[in-house]
Amino acid sequence: MKTCGALLVLLCCCWAETQLRGETISENDITHQGHYGESETPHDVVMGAAQRTEAAATASTHQTCQPDIHTVLRDMSVLIAEQRVELRHTRTQMEAIETRLRASESKAEAMETRLRASEKTVEEQRVELTHTKTQLQAMETRLRASEQMVEEQRAVMRELQEKQEEQAAAVGAVGGSLNLTESQVEELRREREERRVSFSASLLASGSGYAGPFAVSTHLVFRHIITNSGSHYNPNTGVFTAPVRGVYYFVMFLHGHGHQSIPTAASLYKNGEHVATAYSFHPGNALSASNGASLLLEVGDVVYVQLWPGGRLFDDQYNPTTFSGYLLFPM
């Protein structure tokens, strides 16, 4: 661009000088013609000849300058054409760069979308992991309780076995002097069977779902039988009926999901009277609750579980909500 400006300035200077010389020649010619017509002297003739010689030299210089101007114009045309080609090349490069920039922006948007999806997946997995940990803790609590229950049952079995051994020793001591009738043997067998009392059941027979909430306290029926020695628990009514007088132990494990206003709660009842309550509340996370009690029951006494008013329980194939009981010892 600087070269083009310099050539334009040079062209203008040449053109101005040519114009100026042309006007000077014209004025001298006119002056010379006027004076020669009036009175022509030898001195004037000499001066006129000198002036005509100078005019001829100026015209010759003007003719020599014109080809130089054409040359400059041709050079300028070539230079302008080159600059046009360079400008087109520059535009092509800019378009290619803009295309690459758009492609890069598209890739960046795609990567950002994938990053958001990955963050969402990580958050969902984190929530699922928290839920799994809560379930594992609840299952561990139930496992500990079950182990304790098994240990207590083993103690009861050992006690019964010792009594049987004592009875067998007593029978052996008297030898054949004891003449046990068939009815007495049957009674002893019945008493032994009656002492084998134990049950455990979960809330839902199959699948998964909720029980509640209800406006009033509602009787719960634990329909999925895990064990029911002696068949003294009724899965159709949810009621356990004591077969013999003795001390029994009952426990309930509850599981639920957090809610802003719905607790996970239920109560243990004996013959219509409240005995114990398991309660837990949290607005957002999964939660568990448990409680139990040892009860002295007479023959025919009933024990069952009722859902709290406004409470809700959850159960599925893993049996997180259960009701269990067994005879500790007869009285």
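Visitor: Leaving aside its neighbours within four places in sequence, with which residues is phenylalanine 323 in contact?

Guide: Contact means heavy atoms within 4.5 Å. Phenylalanine 323 is in contact with Phe199, Ser200, Ala201, Phe222, Tyr233, Gly238, Phe250, Val251, Leu268, Val303, Tyr304 and Val305, its neighbours within four places in sequence being left aside. This is a predicted model, in which local features need pLDDT of at least 70 and side-chain atom pairs count only at pLDDT 80 or more, while totals for chains, interfaces and linings use all residues. Residues are numbered from 1 along each chain as its sequence is written, and side-chain values use heavy atoms, with hydrogens and water left out.

Visitor: Which residues have the most contacts inside the largest nonpolar core?

Guide: A nonpolar core joins buried (under 20% relative accessible area) Ala, Val, Leu, Ile, Met, Phe, Trp, Tyr and Cys residues through side-chain atoms within 4.5 Å. Here the largest has 28 residues, and Leu220, Phe240, Tyr248, Phe250 and Phe323 have the most contacts inside it. The elements giving two or more residues to this core are S1 (198–202) and S13 (322–330), together with S7 (246–256), S8 (264–270), S10 (287–297) and S11 (302–307).

Visitor: How many helices and strands does the protein chain have?

Guide: Helices (H or I, at least four residues) and strands (E, at least two) are DSSP runs, numbered from the N terminus. The protein chain has 3 helices and 13 strands. Of its 331 residues, 27% count as buried. Among the contacts in the protein chain with a separation of 6 or more, 74% are between residues 24 or more positions apart.

Visitor: Which peptide bond is cis?

Guide: The bond from glycine 212 to proline 213 is cis, with omega near 0 degrees. Proline 213 lies in the loop between strands S2 (209–211) and S3 (218–219).

Visitor: What is the phi of serine 231, and where is this serine 231 placed?

Guide: Serine 231 is not a glycine, yet its phi is positive, about 55 degrees. Its place is the loop between S4 and S5 (233–234). Serine 231 counts as exposed (over 50%), with a relative accessibility of 58%.

Notes. Buried < 20%, exposed > 50% of the residue type's maximum accessible area, 1.4 Å probe, protein only.
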